[in-house]
Amino acid sequence: MSDLAEIPNKNEDTKANVALLGLTITGGLALGLTVVSASFVSPAFRRICLPYVPATNKQIENVLKLCKNNGSSKLVDLGSGDGRIVFSAAKHGYLATGYELNFWLVLYSKIYSKLFGFQKTAIFKRQDLWKADLKCFDNIVIFGVPDMMNKLSLKLEVEMNSNSRVIACRFPFQKWVPVDEIADGIDSTWLYTKESFKKESVQQK
């Protein structure tokens, strides 16, 4: 009996190997999901949260209607997410840039850009919008949240050039007067220029 007990059971070995492989795969997936999920959840721990909410096709259409392209215009999307605004702008002849803090979304956008030939017209950078220099951009797109709009307006008043156009989506700037807007429910967009905060100053007087 003792000799028989020492003979390996092939069925048990196979089951053990399958179980080990299953645990390895499950553990790897769990770790991957944890890392990816953390990058989406972590913005909630910042003072101002700018969540990832993909733009709809209608929002993209409305944004491009309010942008202006003179043939070599530069556009930046602040919080570019998966890059759909940037790619759409590039298709319409803009030199488009996306600033995004989420590492995975920047990586996805860069891979998509390379696969579909946008390397020269769609640029993506992992960048904090509060530290970005916006002076060189003709069109500045922001899908913001109410808590950030007043602070962002102060930054833009300093950095906008004379031809800059700011397109706000979902939420308008509380203190600026839009020069144009597309009222379209959750897809609404507002256009602002240097005149916007001049009008706001006049109204306050």
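In what order do the 7 strands stand in the open sheet? The legends below take up this question and others.

**View 1. The chain as a whole and the confidence of the model.** This is a predicted model, in which local features need pLDDT of at least 70 and side-chain atom pairs count only at pLDDT 80 or more, while totals for chains, interfaces and linings use all residues. Residues are numbered from 1 along each chain as its sequence is written, and side-chain values use heavy atoms, with hydrogens and water left out. The protein chain has a mean pLDDT (the predictor's confidence in each residue, from 0 to 100) of 80, and 71% of its residues reach 70 or more. Residues 1-8 have pLDDT below 50 and, beyond near neighbours in sequence, 1 contact (heavy atoms within 4.5 Å) in the model. Residues 26-47 also have pLDDT below 50, with 11 contacts beyond near neighbours in sequence. The protein chain contains 7 helices and 7 strands; these are DSSP runs numbered from the N terminus, helices being H or I with at least four residues and strands E with at least two. Of the 205 residues, 39% count as buried, that is, under 20% relative accessible area with a 1.4 Å probe, protein chains only.

**View 2. The open sheet.** The strands follow the order E3-E2-E1-E4-E5-E7-E6, and the pairing is mixed. Two strands pair if DSSP finds at least two bridges between them. E3 and strand E6 (180-182) each have a single partner strand and stand at the edges, so one side of each is left without a neighbour in the sheet. On average, neighbouring strands are turned by 15° against each other, direction ignored; axes are lines fitted to C-alpha atoms, for helices over the stretch in contact, and angles run from 0 to 180 degrees between N-to-C directions. Strands of a sheet pair through backbone hydrogen bonds, either parallel or antiparallel.

**View 3. Strands E2 and E3 with helix H5.** E2 and E3 pair in the parallel sense, over 5 bridges. Gly98 has Phe124 in E3 as its bridge partner. H5 lies across E2 and E3 and runs at about 160° to E3.

**View 4. Helix H3 on the sheet.** H3 packs on the sheet and touches E4, strand E5 (165-169), E6 and strand E7 (189-192). The direction of H3 makes about 20° with that of E7. Apart from neighbours within four places in sequence, Val63 is in contact with Ile85, Val141, Phe143, Ile167, Cys169 and Thr189.

**View 5. Helix H4 and its cover.** In helix H4 (residues 84-91), 6 of the 8 residues are buried. These are Ile85, Val86, Phe87, Ser88, Ala89 and Ala90. Their cover includes helix H3 (57-66), strand E1 (74-78), strand E2 (95-100), helix H5 (103-115), strand E3 (122-126) and strand E4 (139-143). Just after H4, Gly93 takes a positive phi of about 95°.

**View 6. The nonpolar cores.** A nonpolar core is a set of buried Ala, Val, Leu, Ile, Met, Phe, Trp, Tyr and Cys residues joined through side-chain atoms within 4.5 Å. The largest has 24 residues, and Val63 and Val141 have the most contacts inside it. H3, H4, E3, E4 and E5 each supply at least two residues of this core, and H4 gives the most, with 5 residues. A second, separate core of 22 residues includes Val76, Leu78, Phe137 and Met148.

Note on methods:
Buried means under 20% relative accessible area, exposed over 50%, partly exposed in between (1.4 Å probe, protein chains only).
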